[in-house]
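Q: I'd like a close look at one part of this model, and then how that part sits in the rest. Take your time and keep it connected.

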Amino acid sequence: MSRHDVVISGIGLVSSLGEGPDAHWRKLVHPGLEPVLEAARFSPYTVHPLPEIDWNLQIAKRGDQRQMETWQRLGTYAAGMALDDAGIKGNDDLCTTMDMVVAAGGGERDEAVDADILAASESRNDRDVLLNEKLTTELRPTLFLAQLSNLLAGNISIVHKVTGSSRTFMGEEGAGVAAVETAAARIRSGQSTHILVGGAFQTEHSDMLLGYELAGYLHRGPWRPVWQRQGLDGGGVVTGSGGAFLVLEQREHAISRGRKIYAELGPVVSGRAIRRQGELDAEIAALLSQAALPNGELLTISGASGAHAATAAEKSALDANPAIAARGFSTLTGHMKEAQFPFAVALAALAVERKAAYPAFDAATEKPFNGIPRTVLATAIGYHQFEGMALVNAA
Amino acid sequence: MANLNDHMGRPIVAVTGIGVVTSLGVGKADNWAALTAGTSGIHPITRFPVDHLNTRISGTVDFLPSSSKGASLLTYDLAEIAAQEAVAEAGLDSGDFGGPLFLASPPVELDWSERFSLYNSDKHDVGAERLLRVARGLKGLDVFETTQFGSIADRLADRFGTRGLPITLSTACASGATSIQLGVEAIRRGECDRALSIGADGSATAEALIRFSLLSALSTHNDIPEKASKPFSRDRDGFVLAEGSGALVLESLEAALARGATILGILRGCGEKADDFHRTRSKPDGSPAIAAVRAALGDAGLGEDEIDYVNAHGTSTPENDKMEHLSLSTVFGERIGSMPISSNKSMIGHTLSAAGAVEAAFSLMTMRESVIPPTINYDNPDPAIVLDVVPNQKRNAEVGTVLSNSFGFGGQNTCLVMAREPV
C-alpha cells in the first residue's frame, strides 16, 4: 500500500437493470435474475434498453438536456452520479482541479433526415446535390454538437463543472481500457490526484447497431446468455444502453477527505493482438500473466461481448485457469462498447467492497464462487479489436 | 554532458522527427517554402458539388490518391505520410517503431457515398431497416472499418510497428496538441523511451462543412479564396475548413542522445484547462485559456518573459481571435505588443483534429530556421486587437522558445511550449 495507490472512490452506473451502484448490486446478487430485453423495436436484433431516467436528477437545466442527444445525456448523468457518490459534486475546489478522461464513440444522427435523404436517393442521380439540398435545410444546427464525440466531456464540464482537464479517447472497448489505464498512470505518477473516467453507450439508434452489423457482429433470433451464442444466427453480440463512470483518486487524497473507498485499482494492462494473424489467444494469455493474478480462487468480471471469435478465445483462456470463476455481465446488461471496461471495473469494485461474489449470471456455464473476493479481475476483450484487463483489490 | 532531466526532475522530451502534410503540399520542405512565402492553400471546393452551400472554399488536401475516397481512408493516408516522414527523419525503423502511438483524428461515421450505395443495392424495407439488412449480408470488412473509431490507429500500428494499444483521441480543435501531450506524459512517466504522436484530419466532407456552416463558424468570403482566412483582421468572418496532418517522433533526450539522433527541438511543457461556460463559446473573461497558457509555462518551467514567439490558434473567427488576444495580453501583459504572434491558419486554414500537431511542427521549424511565418491577409487590422501578428511577410528572427495554442469546441484548451535547446 502506498499513498500514490489508485483507489476507486465513486461509482456511477446506468443500465437496463437500473441506476446506481446499490441498485445494480441488489439486482445482480439475485440468483437467476432475468435480463430486461427489447426484442421487437429493432427486430431481428434484441437490445437491453435504457431504464426510465429522471434526467433532472443529474442535469438540472432543461436547456442543458436539450443540447444533448441521449448518449451525451446518459454519460453526463452517470458522471454526475459518480461525482455525487465520491462527494465531489458541487465542491468547486475539487471540481475545478479534477481531471477527466472520457471514452466516447459518436452520437446519434437524425434518423428521420437520413431516411428522407436515402428515400430521395432512389430517384435522383445527383446524390451529392441532393445531400447539400437536404442537409442545409433539414439539419438542426446544434445537432452536430449533440452528437460530437468530445462533447460528452464538454457537457460534463458545463453541467458538473469538472474543468481540471478534459480528454476524450475514441475506439470502442479499447477507448475505455485506455481511459482507465491512462487515468491510473497519471495518478500513480503524481500527475493527478483525482480523475473522472468512464463512458456511455446508447444502443437504441439504428446507426449504433449498424456500427456492429456492417461486419455481421449482432446476434439474431431469440436471446441467449453471452456464453451461449456460438453457432447461432448472427455474430453473437447483443447490445445494451448504459454508462459507467468512476472517480479514481490517489489514496492519500481520498483518505484526507475522509471518503469511503470502494477498492484499490491494481494493474491495468492492455494490448493489441493482430487477430487476423491468430494472435488473440496468446495476447489474452499475456495479459493474464502481466496482470499478476493472485493465488487462489479468482472472481472475474468479464466484459465478453458475445462476438463469436473474441468470446470463444476469452472463454477458453478463462476456462484454462481452474481458479477463475467468470461472470459475463453482458448476459444481463448487453454490450456497452466504450462503457464496457469501466462498467466491468465498477462491478469488480462493488464485489470487493461488499465482500461477496455475484452468483452465476448464467448458471449453465458459470461456476459458483464461494469465498470472499479480495481481488477481482475485470476484462474487456474487444468484439473486433483491442484488449484490456485490470485487477481490483480490497481497499 | 547535457542535463537529461527537467526542472521537475522528469526526463526531458526531445523531438527527433517531424512530418507534415497540408493543402500546401506533402512534406516539410514544400510546406515551409510555401508558408514562409506567404502562400495560401485555400481554394474553391471541387471535391463535391457546392450547390446550396454558403461556403464554397476550403483547404482540402486534393492531391492524394485517397482524396476522393472518404474521410477514413484520407485521414489514414494523411497520418501515414506525415508519420513516415517523421520516423524516417528520426532514423528509426519505419516498420518497428517500438513505442506507443497517440492519434488525434476526427470522429468517424459511415460516409454518405457508402450509405447511398448500400441503400440502393436493395429494395426491401426503407430507411435504417434496409441499411441493416444490407449490412448483414456484406462480405469483407472495408466498409465496417471506416465506422470503427479505433481502426485508423490500428492500421497505423500495423504499419509502423508501434507498441501496445494505440490511443485515438479527440479534444476537438485541440486534438493534435493533446496527442503530443499524451506522448510527452508517457515518456515523462518512464513508460517508454519514445512515442509517435500524430494529428490527422481528412474529414472535409460536404456534411462536415454544412455542420460548421450551420453553427456560423465558417468564412463565406468565397470570391477570393486565398484571402478568406484573415486572423486578427477587422473583417474576419469565420475559419476555413481544411485538412492536413502533422507527426512528431518524441523521445527522451537521454535515449535520443544515446543513439546519436539529431535533436530538432524540445517539448518543454504542456498545459490544459477545460471551460465550463458554453459548448462553442469561451468564458468571457478568458480565464480557461489563460489558465491553460499559464499551466503550459509552469510545466515548462518558464516565466512569461521567456517566450519568444506565439504560434496562435488564430482561427479567423470573430470569437476566437478576440478571446485569444484577451488571454495572451492577460498573461504577457505589456510585453504582448512587441511579441511576434502569427497564425499559420491564415495560409492553411483550420485543419481541425490535425491543427495542434501541424502547428507544433511549424513551431519547431520556426525555431530551427530562425524564420517566423507571417499572418497573411492582414490588410484591415482589428483595432481592438493590438498585436504584432508578423503581418503579410515572413520575418527573420532568432526564436528560442514558442508557445503554441489550441482551443476547441467543448471547452478544450491545450497549450504547448517548445524550445530549440534542451535548457
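A: First, the ground rules. This is a predicted model, so local features are used only where pLDDT is at least 70 and side-chain atom pairs only at pLDDT 80 or more, while totals for chains, interfaces and linings take in all residues. Residues are numbered from 1 along each chain as its sequence is written, and chains are lettered from A and ligands numbered from 1 in the order in which they are written.

The part to look at is strand E1 of chain A, residues 6-15. Helices and strands here are DSSP runs (H or I for helices, at least four residues; E for strands, at least two), numbered from the N terminus. What is E1(A) like in terms of burial? 10 of its 10 residues are buried, so the strand is largely enclosed by the rest of the structure. Buried means that 20 or more other C-beta atoms lie within 10 Å of the residue's own; 12 or fewer makes it exposed, anything in between partly exposed, and the C-beta atoms are placed from the backbone.

Now for its partners; strands count as paired if DSSP finds at least two bridges between them. With strand E8(A), residues 242-250, E1(A) pairs antiparallel over eight bridges, and there A:Gly10 faces A:Val247. E1(A) and E2(A) make a hairpin, with two residues between them.

Stepping back, chain A has 15 helices and 13 strands in all. Its radius of gyration is 21 Å, close to the 21 Å from the globule rule for 395 residues, so the chain is as compact as a globular protein of that length. (That radius is taken over C-alpha atoms, and the rule is 2.2 Å times the number of residues to the power 0.38.) The C-alpha trace spans about 65 × 55 × 40 Å along its principal axes, and 61% of the 395 residues are buried. Of the contacts between residues at least 6 apart in sequence, 79% join residues at least 24 apart; a contact here means C-beta atoms, placed from the backbone, within 7 Å of each other.

E9(A) is a handy way out of the chain. The contact between the chains takes 62 residues from chain A and 63 from chain B, and E9(A) is one of the elements that each supply at least two residues of chain A's side; E5(A), H5(A) and H10(A) are others. The largest share, eight residues, comes from H6(A). By type, that side has 26 nonpolar, 26 polar and 10 charged residues, where Ala, Val, Leu, Ile, Met, Phe, Trp, Tyr, Cys and Pro count as nonpolar, Asp, Glu, Lys and Arg as charged, and the others, Gly among them, as polar.

Strand pairing crosses between the chains too: E5(A) and strand E6(B), residues 167-170 of chain B, pair antiparallel over three bridges, with A:Thr168 opposite B:Ser170. Over in chain B, helix H4(B) has seven of its 10 residues buried, among them B:Leu131, B:Leu132 and B:Val134. The cover over those buried residues includes H5 and H10 of chain A along with H3 of chain B.

How far to trust it? The model scores ipTM 0.98 and pTM 0.98. Chain B averages a pLDDT of 97, with 100% of its residues at 70 or more; pLDDT is the predictor's confidence in each residue, from 0 to 100. Among chain B's elements, H4(B) has the lowest mean, 96, and strand E8(B) the highest, 99.

Definitions and conventions:
Two residues are in contact if their C-beta atoms, placed from the backbone, lie within 7 Å.
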